[in-house]
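Please read them alongside the sequence and coordinates.

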Amino acid sequence: MMGEVIVSMEHISKSFPGVRALDDVSFELRSGEVMALLGENGAGKSTLMKILSGVYEKDGGTIRIMGREYENLNPKQALDAGVAIIHQELNMCKDLNVSENMFLGREHINGIVLDNAEMENTARKYLDELGVDIDPLETVGSLPVSKQQMIEIAKALSVNAKILIMDEPTSALSSREIKELFSIIQRLKSQGCGIVYISHRLEELAHITDRVTIMRDGRYITSGDFDSFTMDEIIANMVGREIKEKFPRIKCTRGKKVFEVRGLNAGRSVRDVSFSLHEGEIVGFAGLMGAGRTETTRAIFGVDKKESGTIILDDKEVRIENPMDAIRAGIVLAPEDRKKDGLCTKLTIRENVALPNLDMICGRDGVINRKKETQMCEEAIRNLSIKTPGIDIDAGSLSGGNQQKVVVGKWLARKSRVVIFDEPTRGIDVGAKVEIYHIMNRLKEQGIAVMFISSEMPEVMGIADRIIVMCDGRITGELDAETATQNEILKYATQFESRL
Amino acid sequence: MYRARKTGLIKKIMRIKGMGAALTAFAGLVVIYVAFGIMNPMVFSGQNILNLLRSMSKYLLIGIGQSYVMITGNIDLSIGSVAGMSAMMTATLMTLGVNPLLAMLITMAVCLTIGFINGVLVGRFKLPPFIATLGTMFIARGAAYIVNGNRNTDNIGVVLGKDAADSFQNFFYYGKILGLFNTFWIAFVIFLVFYFFLSKTRTGRHIYAIGSNVEAAKLSGVDVVKTTVKTYLISEFCGAVVGFILCAQAGMGNMEAGNVYEMYGVAAGVIGGVSPLGGSGILLGTFAGAAVWQTLENGLNMIGAQVGIQRIVIGVMVVAAVLVSVIRNRKD
Amino acid sequence: MKKRVLALILGSCMVLSALTGCAGAAAPAPAPAPAEEKAEEAPGETPAPSAAAEEEAAADIKIALITMDSIDQHWVTLNEGAQAEAQAEGVTVDFMSPDTKDDSKQIECVNNAVAGGYNAIMVAANGPDAISGALNEAASAGIKIVYVDSPANVEAEATFATNNEAAGKTAGEEMLKALQEKGIDSGDIGIVNVNASTQSCVDRENGFRSAFDGTGFNLLETQYCDGDAAKAQSIAENYITQGVVGIFGANEGSTTGTGNAIKASGTEIVGVGFDKSDSIKNLIIDGNLLCTMAQNPDVMGSEGVKACVKAVNGESLGGEVTDTGVTVLTKDNIQ
């Protein structure tokens, strides 16, 4: 099952201006195994793998792939050496089609002319092996994120990579797609491939992992057979402290109704949605991918046009045509894609926090009061424990968890009535996750209505007081979180309408 | 059986990305041409068609160069000035007695050097293409002025003699082959070669990839620097050829030759469906765009229309074309 | 796809409506009167002047007027003179100039005239050589050529132009006279010209310089403004800073800029210019410019048309060159 060592990285160090990303890290991968690479965000996992795949150059240490030592690895060399990486942030050329993307950089040619027919057939072959229904001639930009990820995986397969690095591959996949991915991983293992699996979904690992390497703060902590660790031990190694309660739910008394949505309709994804939020409770929205939860929040927040529906805040009907209306009414949203929709990554933290709150920090002449701005920003950093050397750092350079905190921070500066979180802890390390939970709890305690969407069932069950399940655009179930079971939730989440 | 095959071919053609936009541009071309012809039937005359094909060739070549650069998401502001520099340099060399072929080779070498510089500045040093090519635009225009001492050149035949001058001018402008002016054939052949290069070779594919997502391209092992340099080399090559044509047309070098041509190139590309954001558009569309531009210029002249009308109309069309392509992208 | 078709059709419709507007508005409108209905009219029904011309010989002569550009006042006046004469003689003159001064564009205009079936071309060549090739082709197609303002190196029926060298000399003599009256015998004199390649302007400068031969004045190196009044003003201001006693502007733009600079400086520098316009008139009236050499472009236009008609009707004009002359416009005789 497990063969010889195919990747050996020893005493790797890497520094960026002002940050020591990797300090004497060693890593080993054998053929035929899945090695989980775990660690909080900022632990150095991505950096280490980027060095292995040739994106970054190491400062010190040795890299051996298949027994051969490599000094200055570039992406093309890494590919040739058999290392393929599938990034968490998908890297596809949206204007090219599936086949063109799959063979980008290594196009098959007939003389000097591209052999499109051959590439399309080969692409089709790999897609079929994955069991995915995608036409190789489809333009990638028109496909949803989950399908794009499948293509990335197929692309790596087509390179016949012996070393496959997967960075959060399942974050946008449905459970069916995950099962298929795992069966393919098993197949790759039996063929002698070594797979580095980076994921924050610790529950998934048990199904697929052989060994685990844990990193923390740029250092190698420990590694070993997965079975020899308990989940608590793994988490403890990752955060350096024991997390007694993974989900710190706080008990609050449910107060009066704060927010109500009636008969919301917005396209195929939001059909006749009605629900309400109360003071002192967190409502979690569960469901499969494509259930319509994100679309619901966007319709409420005024981003997408709604066809019909009423929104009632504190017993008064509110008219929301655009996000500005929602914000003024006191309804705020932390979106699913925080890099794209939640932050202006090229602006500083200061500017991001201030952006929706300019009405609060500008004088009557429209000039920004810098002192107020700084105060607001520093308060946000304090309240949310945002790890940053200063507020004039580009938001895009923060880690995922800290970015999420900035997104939340800008809303907390206002007195909001309803805070909507869409996948607040996706791609965030365990420690930061807990901090986000604490933030949600604090809001709950303050009487603010909190609604959050999550695809991690344990999270929904652990933090929410009430769970609403959606399927195919409709609300199919409502459960009390303390008595709900995963089976029940799954039942409601798969309650599709009969097409017969 | 035959019908099945025929629809298969049409489907195949329509599947080519960018074909829809190109065909729409051709449709617009026909509408405009017919409209002008109705207003002045001489527009339909054979002589006028010949003229049209000849004079659009300049814009077609500039459009090809500019399209290559635009598809990677960059822009080339220097191509017009390079054309001017090429016209002046070729003419000046010839007035000094240099053999036309040698003069063209030397000029081409200089123009390609500018292309190389553009490519390195944008590709390797990551200068914003607007700024980098703005700089080379001024440099090239300055060179065009200086090369003959801040004057337009004499007639190219002063030293070489009338015969040499005539054969040069005939080759690039006044001569005909198979009933069409040489200028058109030159542009058409170059069009075919670069169309093939863009759609059927690896480098062509990489050009689209860079324009679509340069990060993804880089991570897939595409040599972004080399490919960017190639696009600018092609662009300045086209500029150089246009310079030859302008020199042959006037029989001398004019310091202002090629002025503002770079913008006409952008317009031709955009009308034909080449998105200035990069990643999409085909040269067939550029062909249509250049034809639209020339038909407008020619038609307005033939009906004695006011100055500026052409500019306004082209401006409206460019804005409309870009709006449509942006709306389309948003739908995806 | 559908959206694109719609957008381009809409764009084309805007083209058409814009054209109906301008085709009607522009004085030389060759388009037949019912321009609005062109969309429904079949091509054959439109009265085609060219077809008719072949049959009714002298009555329907078509002349193409191609000047250096279509925006400068000088050319506009030339066109007006031509149009007036055309009306009187019952012929058509189409103003087919390019929008900017550009050899390539002017060549295209000549080509269009040939393709448009014109009987004669009145042309003010940018330069003596550039359009020679195109003009030769026109001549071989049997089209009569008449030069207005600036000739080219191709044989033509007649030329109507200002003798620029003589006019320039006159300008120089006027400045000399004025300076001597003020008691100034020596000093620097600046020249603001258009560019080094437009023959007419070069001739004017040469004539101007010749007026100062043997005098104690130092004529500075000429600066070029491309005919742009703003640029000319900067150049003149530099001359004033250098302490010149007189400045010569070689065309309308140069003169306007020179006059404005002298006005702004409040000095008593003698300014002499070329061409007339409302701005230049005002500058002379206010005393900022001494005088200007006013050309007679309208005379060029009308005489040119007369010559074209004669040539098309078979008369041989022998390439005669006529000096259409200049009037020295001063405060006293300006209207």
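1. Helices (H or I, at least four residues) and strands (E, at least two) are DSSP runs, numbered from the N terminus. On that basis Ser15(A) belongs to strand S1 of chain A, residues 5–16. This is a predicted model, in which local features need pLDDT of at least 70 and side-chain atom pairs count only at pLDDT 80 or more, while totals for chains, interfaces and linings use all residues. Residues are numbered from 1 along each chain as its sequence is written, and chains are lettered from A and ligands numbered from 1 in the order in which they are written.

2. Is Ser15(A) partly exposed or buried? A residue is buried if 20 or more other C-beta atoms, placed from the backbone, lie within 10 Å of its own, exposed if 12 or fewer, and partly exposed in between. Ser15(A) counts as partly exposed because it has 13 C-beta neighbours inside 10 Å. Two residues are in contact if their C-beta atoms, placed from the backbone, lie within 7 Å. Leaving aside neighbours within four places in sequence, Ser15(A) is in contact with Arg20(A), Ala21(A) and Asp59(A). Glu478(A) is 463 residues from Ser15(A) in sequence, and the C-alpha to C-alpha distance between the two is 50 Å.

3. Chain A has three assigned parts: domain 1 (5–239), domain 2 (245–330 + 415–500) and domain 3 (350–414). These bounds come from an automatic or database domain assignment. Between domain 2 and domain 3 of chain A, the C-alpha centres are 25 Å apart. Twelve residues of domain 2 of chain A and nine of domain 3 of chain A form the contact. On the domain 2 side, helix H16 (residues 430–445) of chain A gives the largest share, four residues.

4. For residue classes, Ala, Val, Leu, Ile, Met, Phe, Trp, Tyr, Cys and Pro count as nonpolar, Asp, Glu, Lys and Arg as charged, and the others, Gly among them, as polar. The side of domain 2 of chain A that touches domain 3 of chain A then has seven nonpolar, two polar and three charged residues.

5. Between chains A and B, 22 residues of chain A are in contact with 19 residues of chain B. On the chain A side, helix H2 (75–81) and strand S8 (113–114) each supply at least two residues. H2(A) gives the most, with three residues. By class, this side of chain A has twelve nonpolar, four polar and six charged residues.

6. In chain B, helix H4 (residues 79–95) packs on helix H6 (residues 129–146) at an angle of about 20°, with axes 8 Å apart. Axes are lines fitted to C-alpha atoms, for helices over the stretch in contact, and angles run from 0 to 180 degrees between N-to-C directions. H4(B) and H6(B) are therefore roughly parallel to each other, a term for angles under 35 degrees. The residues in this contact include Met85(B) and Met88(B) of H4(B), and Met137(B) and Ala140(B) of H6(B). By class, the contact has seven nonpolar, two polar and one charged residues.

7. Chain C contains eleven helices and 13 strands. Of its 335 residues, 55% are buried. Its domain 1 is 51–162 + 298–324, and its domain 2 is 164–295. The C-alpha centres of these two domains of chain C lie 31 Å apart. Their contact takes eight residues from domain 1 of chain C and nine from domain 2 of chain C.

Notes. Angles under 35 degrees count as roughly parallel, over 145 as roughly antiparallel, 65 to 115 as roughly perpendicular and the rest as oblique.
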